[in-house]
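Visitor: I am new to this structure and would like to learn how to read a few of its features, one after another. Could you show me the general idea each time and then the case at hand?

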Amino acid sequence: MQLPTIITSILHNPNPYLIPNFPPNPLQFRREFFNRRNFTTMTSSFNSFKIHSKLDTNSDTFLTIAQFAGKEGANVGDDLVVLYSHLEYAFKRISALVASPVNSSLGKSSGGGEDVGSGRDKPKPLDIVSNEIILSCLTHSGKVAVMASEEDDVPVWITDDGPFVVVTDPLDGSRNIDASIPTGTIFGIYNRLIEIDGLPVEEKALLNSLQSGNRLVAAGYVLYSSATILCTSFGSGAHAFTLDRSTGDFVLTHPNITIPPRGQIYSVNDARYFDWPEGLRRYIDTIRQGKGKFPKKYSARYICSLVADFHRTLMYGGVAMNPRDHLRLVYEANPLSFLAEQAVGKGSDGKNRILCIQPTKLHQRLPLFLGSPDDIDELESYGDVQQTVNPGYDV
């Protein structure tokens, strides 16, 4: 597929007014930042407002991702720290791109129809640009063997000795870009399966990409909204970092996120109510009336942007869902379910734990329910919650 001239110019000759050149991160490591036996919650000043961040009481400096994950912090390993530094750069470029004037034309797809041959959504120029930005950064990292993306029919083999496999939805919600509705990037990271290194490239690329979610090493999403927030987990809790545009650093603003055991918000497209199975209709009717296990009426909040709806659910509790076979297991459901569980929440297809489902196809679709553990348990107790009638819609 030949890229339009505007895309090529952005990828190879980025305009500094569209893609800002962030100053380098000095990465000044100080041991007192990482005395994990003396972490307390303090209120730190961040520009003109206050946020809470777990820092040492002797310092008012925010932790960057590299500092948080490095040898004197979580110590996730040098390879993963290097990979994250390249991912950060990709996310900064995408953040600048979606906020730039050119996104109006890049957000439109040519022609109609929702899907292309392999079951992927029809890509838009902005999706393609985001995909190429991530692929370029992963290639330059030297740490990734294969990348599997929503925008590619098959996984892309990058290098034989890369220790990691990255799966990604480069720009979720891009159809909303013209309305300035939040968008996001979703990603998951696995270890390369060294035991299959001897297989042909196409075969080992696919098998590496079809690992079950319970083998994830790390995962995360980036929310492009009023702030750019990178929420991630290395397997020991969920943590969110906000992009400080004055320095170009993602800094820790939401450490150790814990989703409330139960929320009071559900997120789903109510217009499809009459296509839902009886169990899901009964569940929604019950919680809206305050007659469920939680004796208060639930409210509906629905953005139709998976990252945005999940981020709100992670912060406030409740349940975000798409009951039809629409969301992709490999690069949407698995990474977000991994994050939900790291925040003491749950990810389900309505019957089974998402992370226990073995993918069989790269673009495999399934229903997805994410949120507070008590809410997910109550929803599953209604039994019939997966939509099978009219599973596809043209939007």
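Visitor: Is Asp377 buried or exposed, or something in between?

Guide: Keeping in mind that this is a predicted model, we compare the relative accessible area with two cut-offs, under 20% for buried and over 50% for exposed. Asp377 has 33% relative accessibility and therefore counts as partly exposed.

Visitor: Which side chain does Asp377 meet in a salt bridge?

Guide: The general idea is that side chains of opposite charge can pair when their charged atoms come close. Here the side chain of Asp377 meets that of Lys346 in a salt bridge, at 2.6 Å from N to O. This pair links distant parts of the chain, since Lys346 belongs to strand E14 (residues 346–348) and Asp377 to helix H10 (residues 373–380), 31 residues apart. Lys346, with a relative accessible area of 32%, is partly exposed.

Visitor: How many salt bridges does the structure hold, and where do the partners Asp270 and Arg288 lie?

Guide: The structure holds 12 salt bridges. In one of them, Asp270 pairs with Arg288, and the closest N and O atoms are 3.9 Å apart. Asp270 sits in the loop between strand E11 (265–267) and helix H7 (278–288), while Arg288 is in helix H7, 18 residues apart, so that the pair links distant parts of the chain. Asp270 is partly exposed at 26% relative accessibility, and Arg288 is partly exposed at 32%.

Visitor: What can I learn from the places of Glu278 and Arg281 in helix H7?

Guide: Both residues lie in helix H7, 3 residues apart, which is about one turn of the helix.

Visitor: Why is strand E8 described as largely enclosed by the rest of the structure?

Guide: To read a strand, we look at its two faces in turn. Strand E8 (residues 228–233) is largely enclosed because 6 of its 6 residues are buried. Thr228, Leu230 and Thr232 are buried on one side, and Ile229, Cys231 and Ser233 are buried on the other, so both faces are covered.

Visitor: Which strands pair with E8, and in what sense?

Guide: Strand E7 (residues 218–224) runs antiparallel to E8 and is joined to E8 by 6 bridges. Tyr221 stands opposite Cys231 in E8, and the two strands E7 and E8 form a hairpin with 3 residues between them. Strand E9 (residues 238–244) also pairs with E8 in the antiparallel sense, over 4 bridges, and Thr242 in E9 is the bridge partner of Ile229. E8 and E9 form a hairpin with 4 residues between them, and Gly235 in the turn has a positive phi of about 100°.

Notes:
Residues numbered from 1 in each chain as written. Predicted model: local features only at pLDDT ≥ 70, side-chain atom pairs only at ≥ 80, totals over all residues. Heavy atoms only, no water. Salt bridge = Lys/Arg side-chain N within 4 Å of Asp/Glu carboxyl O. Buried < 20%, exposed > 50% of the residue type's maximum accessible area, 1.4 Å probe, protein only. Pairing = 2+ DSSP bridges.
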